[in-house]
Structures are given as C-alpha cells and as structure tokens.
Amino acid sequence: MSDSDDDVPTLSAHTLAALQEFYNETRTDADHSTAPSDQFTVGAVTEDWRMSQFWYSDETATRLAEEAIREAGEGGRIACVSAPSVYQKLKQGVVDGSDRVSAFVLEYDRRFASYGDDFIFYDYNEPLSLPASVAPQSFDIVLADPPYLSEECLSKVAKTIKYLSKGKVLLCTGAIMENHARDLLDVKMSSFLPKHNRQLSNEFRCFVNYPSRLSSC
Ligand SMILES: C[S@@+](CC[C@H](N)C(=O)[O-])C[C@H]1O[C@@H](n2cnc3c(N)ncnc32)[C@H](O)[C@@H]1O
C-alpha cells in the first residue's frame, strides 16, 4: 500500500452499515413524499408569505370542505378562489361526499398547477380574465379567501365571485371587512371561527349569503 492509500479515510463495517440504513430511510421518505395521497395534504405546498399565504388548520379546512360539499349538493361544482387548502381537503379523499362533487382551485401561485385541469390561474387584479372554459354562473358554491384585507381587493374578488357563482357564496376574510363584504356580496358573518396553522394578528371570520350550518357549530 502506498502512502497515498494510507491517507484515504476508511469506515468500519458498522459505520458503513449505519450509513446505508440512513440512505435507505432517506430514499423511502422521498418516495412517500411524492405518493398521490400526500399531494393533497394541507401544507403540501409551503406557505409563501410574499403571496399572503396563510393556510387553514387541518380542522378548519375539513369543516369548510364539509360545508362546501353539503351546499354544492350531489354532483355539485365547487370553486375555491384563493383558498387552496379547501381544494386540497376536497381532493384528499378524507371527507364524506367529496367523491360526489367537482372541485377547482383558482390561484395566483403557479405551484398549484401541479393539480392539472383543476387549476385555473387567477389574478384578482384581472377579476374577469378567466379561461373561456370557465362559464359564468357555473359553480354551485364559491368559497373565497382574498389575499389582502382591503376594499380594493375585496371589490375585485367580489366581481369574480359574482361571475362564477350560481348563488351561494362562502367568503373567509378578516372581521374588519364585514361592512364591505355585506355591501359587495350581501353576506352575513357566521359564528364559525376559522383557524390557521399560524397565529394571525387579524380576527378571521366566514361570511355567507345562505342559511349555513357553519353558524350552528
Ligand atoms: C390569505 S391566503 C388564503 C389561503 C387560505 N387560508 C387557505 O388555507 O387555503 C390568500 C391566497 O391568495 C393567493 N393570492 C396571492 N396573490 C394573489 C393574486 N394576485 N390574485 C389571486 N390570489 C392571490 C395566495 O396564493 C393565497 O392562496
């Protein structure tokens, strides 16, 4: 053996075995993370605060998905406008009746394009710039969570909601938007308190324009 061979660090059989086990486990985790069932987990797409992304808690996403299914009815169509967690919960296969509705996600963040034809690119600054395939009044319920707490943002999102909805509207936004929400969409505050994965400084609420079971829970 030459001097240079002596310089090559060697590992004991025990250390090598431990390393191999670590690599195997890492590969297994990676395989799991791309499994279809994980694709729809709330938080599968990480929050990007530059896009005002604050995901609902799993429990809130579930409650909103249940509400949307109940109100959309058998074979109903649900639009999730800037509310990808509810879309994910509807597609995760964990909420009763989710296989009997169609759900779409209207989003500015193109990472959600991984959901294929269910993804519709949406920028609230162009409230009616939607693909021709999105027919007016074609959704049984529209659930929206606008990115900003401003009248300007809500009034533009309200245009989109009115274009999409056959009638039912479920708006989640800051409690401070109550008057604007009522004036723009004729919605009333429900007693349901949506929760987020992180503590937000603003009080959040849900607003509806139909008799909702959200208020009774
Ligand atoms: C306050 S978050 C609502 C998310 C909701 N809490 C959830 O868990 O699904 C606002 C959403 O608006 C989206 N957004 C950001 N900029 C937007 C824009 N210009 N037009 C439409 N949506 C936008 C964000 O990607 C984000 O999903």
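**View 1. Strands E4 and E5 run parallel, joined by five bridges.** The model shown here is predicted. Within this pair, isoleucine 141 stands opposite lysine 168 in E5. Leaving aside its neighbours within four places in sequence, valine 142 is in contact with Ala79, Val81, Ile161, Leu164, Ser165 and Val169.

**View 2. Seven strands form an open sheet.** The order is E3-E2-E1-E4-E5-E7-E6, and the pairing is mixed. Strand E3 (119-121) and strand E6 (188-189) stand at the edges. Each has a single partner strand, so one side of each is left without a neighbour in the sheet.

View 3. Along the sequence, the pattern reads α-α-α-α-β-α-β-β-β-α-β-α-β-β. The protein has 217 residues, and buried ones make up 35% of them. Take the contacts between residues at least 6 apart in sequence: 65% of these join residues at least 24 apart.

**View 4. The largest nonpolar core holds 51 residues.** Ala68, Ile78, Cys80, Val81, Val86, Val142 and Leu143 have the most contacts inside this core. Helix H4 (residues 58-72) gives the most to the core, with six residues. In soluble globular proteins, nonpolar side chains tend to be buried together.

**View 5. Helix H4 is 15 residues long and reaches 21 Å from its first C-alpha to its last.** That span is close to the 21 Å expected at 1.5 Å a residue. The buried residues of H4 are Thr60, Ala61, Arg63, Leu64, Ala65, Glu67, Ala68, Ile69, Glu71 and Ala72. What covers them includes strand E1 (77-81), H5, strand E4 (139-144) and strand E5 (165-174). Just after H4 comes glycine 73, with a positive phi of about 80 degrees.

**View 6. A shell of 20 residues lies around the ligand.** Ser82, Ser85, Tyr108, Asp145 and Pro147 come nearest. Helix H5 (residues 84-91) supplies the largest share of the shell, three residues. By type, the shell divides into 11 nonpolar, five polar and four charged residues.

Technical notes:
Residues numbered from 1 in each chain as written. Predicted model: local features only at pLDDT ≥ 70, side-chain atom pairs only at ≥ 80, totals over all residues. Core = buried A, V, L, I, M, F, W, Y, C linked by C-beta atoms within 7 Å. Buried ≥ 20, exposed ≤ 12 C-beta atoms within 10 Å, placed from the backbone. Helix = DSSP H or I, 4+ residues; strand = E, 2+ residues; numbered from the N terminus. Contact = placed C-beta atoms within 7 Å. Near = placed C-beta within 6 Å. Nonpolar A, V, L, I, M, F, W, Y, C, P; charged D, E, K, R; others polar. Expected span 1.5 Å × (residues − 1). Pairing = 2+ DSSP bridges.
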